[in-house]
Amino acid sequence: RMTIGSRSRTDVMMIWMDNLAPQELVREVKRRLAAIRTDSVLESSYIEEFIQEKTLTPFPTLLNTERPDKVAAQLLEGKVAVMVDGTPFVLVAPLTFFELFSSAEDYYQRADIATFIRWIRLISFFVAVFAPSLYVAATTFHQELIPTQLLISLSAQREGVPLPAFLEVMLMEIVFEIIREAGLRMPRAVGQALSIVGAIVLGQAAVEAGLISAAVVIVVAVTGITNFVVPVYSFGMSQRLLRFSFILLAGFMGLFGILCGTLMLIAHLVSLKSFGVPYMTPFAPASTADWLDVLVRAPRPWMNPNRLPASIQRLKRK
């Protein structure tokens with residue numbers, strides 16, 4: 001237990017299990033917490049910004065959750081939790097990329113159902129990030145890749161639309177983000193209704209006025225829905241930033257820009273670490289024993305209940 005904040009004097013609790021958590025991980029978290037110099041800590045996100053990896057990245061490198069069962073499960077895997085007085089959100093370190101697709105509910109139902117839901121989340125991630133950019137690239141630079149009947153339909157919809165596909169998608173995405181933020185700031189009783197009605201009315205009016213094609217409204221709507229499928233809110237924000245980046249690349253360079261952006265994204269993910277643990281564990285570096293609980297959720301009899309994740313085992317051996 002420690003006190004952080006020269007004025008707020010906020011109590012911060014660091015929790016781990018002695019027989020499971022690597023001592024190197026415990027020492028590193030303690031060191032980063034002790035090095036914090038600030039006047040106030042009002043929420044756990046204040047702590048997160050100080051102790052996360054010093055790398056410019058849109059991806060979260062610490063898990064931020066308010067579920068006690070989630071925190072308990074992470075502690076049983078040898079991880080360290082940080083609790084801040086006055087807020088229900090707890091930080092857990094380290095965090096890997098594929099854990100962002102996992103939810104506590106995956107372990108409360110059958111393995112086949114949990115595996116299916118995880119694949120839905122993974123597919124939704126790719127749709128949320130790449131769908132608008134692929135539409136822009138295909139309609140602007142690579143019309144030959146679109147089936148003839150679909151191309152005729154898209155051309156008929158775009159007849160009379162004054163804006164190019166890139167500006168169409170970018171404008172609709174920005175409007176969608178504005179509506180979403182407005183819905184969050186409105187009173188709860190009317191916020192959700194405002195988001196739904198505002199999106200429907202604006203989308204229909206824009207199509208009827210000939211400013212936007214119907215296909216763009218569909219793409220943006222599907223993208224917005226799939227963005228909410230991931231169980232970690234901060235990861236949803238990362239998807240939104242990536243989506244705009246890929247739209248810009250597709251608008252200027254087409255599929256070549258999307259390919260370059262994807263290679264840069266993969267290189268960035270592989271280079272990331274969370275408290276000494278590679279972000280793309282257990283695929284880079286590979287650990288086949290952990291694959292039973294990554295893209296699939298294997299039945300419990302198939303898994304060793306006493307085995308820690310490979311990333312935690314490596315830290316314990318150091």
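Strands, as named on this tour, are DSSP runs of E with at least two residues, numbered from the N terminus. The structure in the viewer is a predicted model.

**Stop 1: Arg9.** Is Arg9 buried or exposed? Its relative accessible area is 53%, so Arg9 counts as exposed, the cut-off for that class being over 50%.

**Stop 2: Pro94.** Next, select Ala93 and Pro94 and inspect the bond between them. This peptide bond is cis, and its omega is near -5°. Pro94 belongs to the loop that runs between β5 (90-93) and α4 (111-140).

**Stop 3: Phe275.** Move on to Phe275, in the loop between β6 (273-274) and β7. Phe275 is another non-glycine residue with a positive phi, here about 55°. How does the side of the accessibility scale read at this position, buried or exposed? Phe275 is buried, with a relative accessible area of 6%, where buried means under 20%.

**Stop 4: Pro282.** Finally, select Thr281 and Pro282. Which form does the peptide bond from Thr281 to Pro282 take, and what is its omega? The bond is cis, with omega near 10°. To place Pro282 in the fold, highlight β7 (277-278) and α10 (310-317): the residue lies in the loop between these two elements.

How values were computed
Residues numbered from 1 in each chain as written. Predicted model: local features only at pLDDT ≥ 70, side-chain atom pairs only at ≥ 80, totals over all residues. Heavy atoms only, no water. Helix = DSSP H or I, 4+ residues; strand = E, 2+ residues; numbered from the N terminus. Buried < 20%, exposed > 50% of the residue type's maximum accessible area, 1.4 Å probe, protein only.
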